[in-house]
Each structure stands twice: as structure tokens, then as C-alpha cells.
Amino acid sequence: MKQSITRRDFAKSLGAAAILSATRVAPIAAESPARRHNKTIGIQIPAVSFVDEGVEQVLDIVQQQGRVNTLFLTTFSYTLGTAGRQERPGELPDHGLQVYDTYDTFQGGSYTALGPRVRANSPIPASALRAPELGDFDVLSSVLPPARKRGLKCYAFIADNIKLTLPQAEKVLERGIDGKPLRNVCFNNPHYKQLILSLIADTIRSYPLDRVMWRSERMGAFGNVLEVSANRTGLGCFCEFCQDKAKRLGVRVEKAKEGLLALQKFVDATKAGKHPEEVHSGRHPRRREGRVSRRSGWCDLRAQVLRDAPLDTRRGR
Ligand SMILES: [Zn+2]
């Protein structure tokens, strides 16, 4: 998905004055205003930037030009926007390799060594989850020691997406109204829960991090119908696990399907130029049913991550 403000745009705006001055200023750590007032000035960085430019060089740039005190290090992602180099038609940065990434050159996956919980519990073979394009490079092992020496806080940045060509990927995907797999993982799917909980627990256990950021950037079925985002994946989730959960919550699954299809018909007709009154059937899809349980799945799983992952790590391996 194309971001409206890219990571590099953000860094550029933060560091504009410093870049224009072309003067290298001293790294700021303990004495910085951000640190003094406990404010986070962060930047999200993919592993490939450290491989391309060198760890110390990247840390110099973000500290000296961006006044950054926190790194969001991408450790698990399958999107170029979070784990790759610049995409066309974005502007290339004024440092590093002057090359673009595409989905032909970028693979994605885990940019750290995979831990015992993932190896034991992942529904997708752990050997397939390691990002292949950077070899054995481990972004956390490589960046955490020098970053911490500089007083930088470090987050592991874990995205919720998955690559559709991975073995067993279908096991963790949302399902559409017709039962066919969609592109996103389902947060009510127990296999995905096993994967993400294991991944987060292993990450916390294996590396001296300050925080873990688990991000999800997508719409539910209602937003997908209304096309409020370019990141649409179809009308879901109607997998067996979401349907079971919906029934427990008193949501009528068939009415939800009916409502979403009626709304889709309405949207298609208005896009074709018909006036809304011409196509309005008089029956409004009910919002709660239209959303089924994607959001509640996200909230439930986030709560489980917060509750279980740290406890699990305290119990040890
Ligand atoms: Zn589902």
C-alpha cells in the first residue's frame, strides 16, 4: 500500500534544516529535549537500510539529521513500504543505494532469527518465514548493541501481513462471502494467533527491546465495500472461526452477508452514475453485522498478546 507520507518524507521533513546546513552536528542522546521531556521521536527502518548503508552510518543519519531517539526496527513484514527500499515513483533518498525495490526483488518475512516457539507452533513452516533476500542478517542482533550504546530506544516492528505463496498460508487467511481465501490474515483464526503470539514471545525473550509494535493497517468488510482505502481485500471475514464467534456474539451471519452484498450493489450502482435514490432498496445494511468481527478479533487478539506474551517470556523457554 502506498503511504501518503513515506518514512523518508518524514525523515526529510524532520531533518530539513540539518540537511540544508550540510553541517554534521553532534549526536544527541541524554541531553536532547526529546529525551529530557520523555517524548518519542521515532523512525521506522527496514533491515535492508542497515545492510545497504551500514549500521553506524544509518544511526548517525537518524540521530544527527532527524534528532531521533527511538527506532522502530522492522522485524517481520511482507510489504515494501515497511521492509523494503524506496518504491517507484517515490523520490530516492540523498544517501544509500540509489535503487528502487519492487516485489520482484523484495521477498519479506522475518529479519531476525526465528525462535523456538515459532519453530514449534507456526502453522507456516518456520524455514519459510525467514526473509531470504538478506541472508543471515539479523537486524536486532546487529542494531540493538550500537543503538543502545547511543541511548536510542528500540522497538521491534511486526506487521500483520503474510505472503500468499507461503506454504500453508491459506490456513491463516480471511475468507470471503463465497468462502474463498482473501489476502489478509484473520485475527480470529487460531493458527494465526499461534503464529503471532509465538513470534512476539520469541522476540521479547530473545532480544533486549524496549517495546514491540504490532501493526495492522487495513479496513474491515464495511470499509472495503465503501472503498475508504486502497488496501481492499474483499468482503470478509466469513471463515469458520469468525462465524462461530459471530454466533456467540449474537450476530446473524446470513444477515451480515445479505447486508454487505446489498451495500456492494448500492456502491457499484452509484459508481456507475445512478442517483442513490434510484438504487436504494429501503433496507440499510446493519453496521454491526456488516463488520462481523474483524475489529473485535483485532482487539481480542491484541489483549491476548498483552496478557500472554510477556507472561510466557517470564516463564522462560
Ligand atoms: Zn475469520
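What share of the contacts in the chain with a separation of 6 or more comes from residues 24 or more positions apart? In this predicted model, such pairs account for 74% of those contacts.

## Overall composition

The chain contains 15 helices and 7 strands, and 36% of its 317 residues count as buried.

## Helix 8 and its two sides

Helix 8 spans residues 139–149, and its buried residues are V139, L140, V143, L144 and A147. Viewed down the helix axis, these residues fall within an arc of 110°, so they line one face of the helix. An α-helix has 3.6 residues a turn, so residues three or four places apart point the same way. The face turned away from the buried side of helix 8 carries the exposed residues P145 and K149.

The elements that cover the buried residues of helix 8 include helix 3 (47–53), helix 4, strand 2 and strand 4. Just after the helix, G151 takes a positive phi of about 80°.

## Packing of helix 4 against helix 8

Two packed helices are described by the angle between their axes and the distance between the axes. For helix 4 (residues 55–66) and helix 8, the axes come within 10 Å and cross at roughly 50°, which makes helix 4 oblique to helix 8. The crossing of these two helices is right-handed.

On the helix 4 side the contact is made by V55, E56 and L59, and on the helix 8 side by S142, V143, P146 and A147. By class, this contact has 5 nonpolar, 1 polar and 1 charged residues. V143 and A147, both of which take part in the contact with helix 4, are also among the buried residues of helix 8.

## A128 in helix 7

A128 lies in helix 7, which covers residues 126–129, and it counts as partly exposed because it has 16 C-beta neighbours inside 10 Å. Leaving aside its neighbours within four places in sequence, A128 is in contact with L166 and P167. A128 and S110 are 18 residues apart in sequence, and their C-alpha atoms are 9.3 Å apart in space.

## Backbone geometry in the loops

Most residues other than glycine have a negative phi, and most peptide bonds are trans. Phi of R67 is near 55°, a positive value in a residue other than glycine, and R67 lies in the loop between helix 4 and strand 2 (70–77). With 18 C-beta neighbours inside 10 Å, R67 counts as partly exposed. Phi of Q168 is likewise positive, near 70°, and this residue belongs to the loop between strand 4 (153–159) and strand 5 (173–175). Q168 has 12 other C-beta atoms within 10 Å and is therefore exposed.

As for the peptide bonds, the one from R88 to P89 is cis, with omega near 5°, and P89 is located in the loop between helix 5 (80–83) and strand 3 (109–110). The bond from G236 to C237 is also cis, here with omega near 15°, and C237 sits in the loop that runs between helix 10 (221–226) and helix 11 (240–248).

How values were computed
Residues numbered from 1 in each chain as written. Predicted model: local features only at pLDDT ≥ 70, side-chain atom pairs only at ≥ 80, totals over all residues. Axes fitted to C-alpha atoms, helices over the stretch in contact; angles between N-to-C directions. Helix = DSSP H or I, 4+ residues; strand = E, 2+ residues; numbered from the N terminus. Parallel < 35°, antiparallel > 145°, perpendicular 65-115°, else oblique. Left-handed = near helix turned anticlockwise from the far one by under 90°. Contact = placed C-beta atoms within 7 Å. Nonpolar A, V, L, I, M, F, W, Y, C, P; charged D, E, K, R; others polar. Buried ≥ 20, exposed ≤ 12 C-beta atoms within 10 Å, placed from the backbone. Arc of directions from axis to C-beta.
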